[in-house]
Amino acid sequence: MKRGTMSGDSSLLKSINKSTLLKLIKLHAPISRAELAKRTKLTRATVSALVEELMSEHWVVETGIGESSGGRKPMMLEIHHKAGHIIGVDLRSTNMLVLVTDMCGAVIRKTWYPYEQGESAEGTLRQLLSILRQERAALPASPLGLLGVGIGIHGFVEYPSSRILFVPHTGWKKLNWKDAIEEQLGIPVIIDNEANLAALGELEFGAAADCSNMLYLSVAGGIGAGLVLQGELFRGNNGYAGEIGHTTMELNGRPCSCGNRGCWETYASERAIANDLHVEYAPGFTERILDRLNKGDAEAIAVVRKAGLHLGVGIGNMMHTLNPQMIVIGNAMGQYAPWINESIHESLDSRFSYLSSFSVRVAYSRLGEDCCALGAVSAVIREKMIG
């Protein structure tokens, strides 16, 4: 009994150490075995043995000879980026964005798929399964093949079950797509909220790559958020953290679809811009407004600037509440940066003049429309490394 417990503890410790080495190699490649031993406080013999296992499992590859600090020149290590592939999917309101990447998240193929039956959950799942089969069949040969699929949902997703509870723009409720896709395709699947995955995307590949504490604001028809604390997503109880668009800005303000009044997103989102311009919020809205802004349309510029002022007030509140290193504005509103940046900072400077001491940077997404799908890829990579 005691011997079995010790064996189990040893196996767990070995798994943790391998995961730690993978993370360090991913972050600091190219890196030597000696440097890994120094950073982890493991013996060189232990590091060498674990690295050999990682190489035999196709996770790590030697990439060349490094500089010597005295003695024999070291062999440098990096993630074997050609060893396998990941698929990231963003199930957007108008289409599916599908990215195929290597093991390090470099995009190999990017495709938009229009919905064949966009209102039907069953029809969309069938189409998604067909697309995933098609994308897998087109992959080049690799030792590990397709490692997994990550899927971003613009709605409420339960954690850790990945059950889709509610998608506002379609009305879909209580969908267990994870089990269905895994059963049909035989590959691991992660399904998460779009803002959470976009936060991972910016953390891993974008504007927040040098941060461990950051808030990603997904601003389009509504406002959602993904919060990263100490390099990990903060999900709250059951995974519903981040619905900050429904924090109250005005006690008896504008009515919101959630049933409340005065919600932040009724003043600072694209839907708020549409309401103030008295136009329909429909597919293609962002492109139409950007066209008006680029042509110098005074009405559009004034309305977008006003939304920026309200966005700045809410961002100030987030700075007080969370004090992250960075707040990244993404999704559709990230494209309005030239027209909202000044008004956001006007709100911050006039209402929160002392916030400069908080050292919080406000930035815009560097990944654009790829943000959620790349975050889905990152979620799969993280899961595989931990596992």
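In what sense do strand S9 and strand S10 pair? The pairing of S9 (residues 164-167) with S10 (residues 172-175) is antiparallel and spans three bridges. Strands are DSSP runs (E, at least two residues), numbered from the N terminus. Two strands pair if DSSP finds at least two bridges between them. The model is predicted: local features need pLDDT of at least 70, side-chain atom pairs count only at pLDDT 80 or more, and totals for chains, interfaces and linings use all residues. Residues are numbered from 1 along each chain as its sequence is written, and side-chain values use heavy atoms, with hydrogens and water left out.

S9 and S10 form a hairpin. Four residues lie between the two strands. In the turn, Gly171 has a positive phi of about 85°. Ile164 stands opposite Leu175 in S10.

An open sheet is built from three strands in the order S1-S3-S2, with antiparallel pairing. Its edge strands are S1 (31-32) and S2 (60-65), each of which pairs on one side only. S2 is joined to S3 (residues 75-79) by five bridges. Here Val60 stands opposite Ile79.

The cysteines were examined next. A disulfide is a pair of cysteine sulfur atoms within 2.5 Å. By this rule, the count is zero. The closest cysteine sulfur to that of Cys258 belongs to Cys263, 3.7 Å away, so the two are too far apart for a bond. Cys371 is in no disulfide either; the nearest cysteine sulfur, in Cys372, is 7.5 Å away.

Accessibility was computed with a 1.4 Å probe on protein chains only (buried: under 20% relative accessible area; exposed: over 50%; partly exposed: in between). Cys258 is partly exposed at 43%. Cys371 is buried at 2%.
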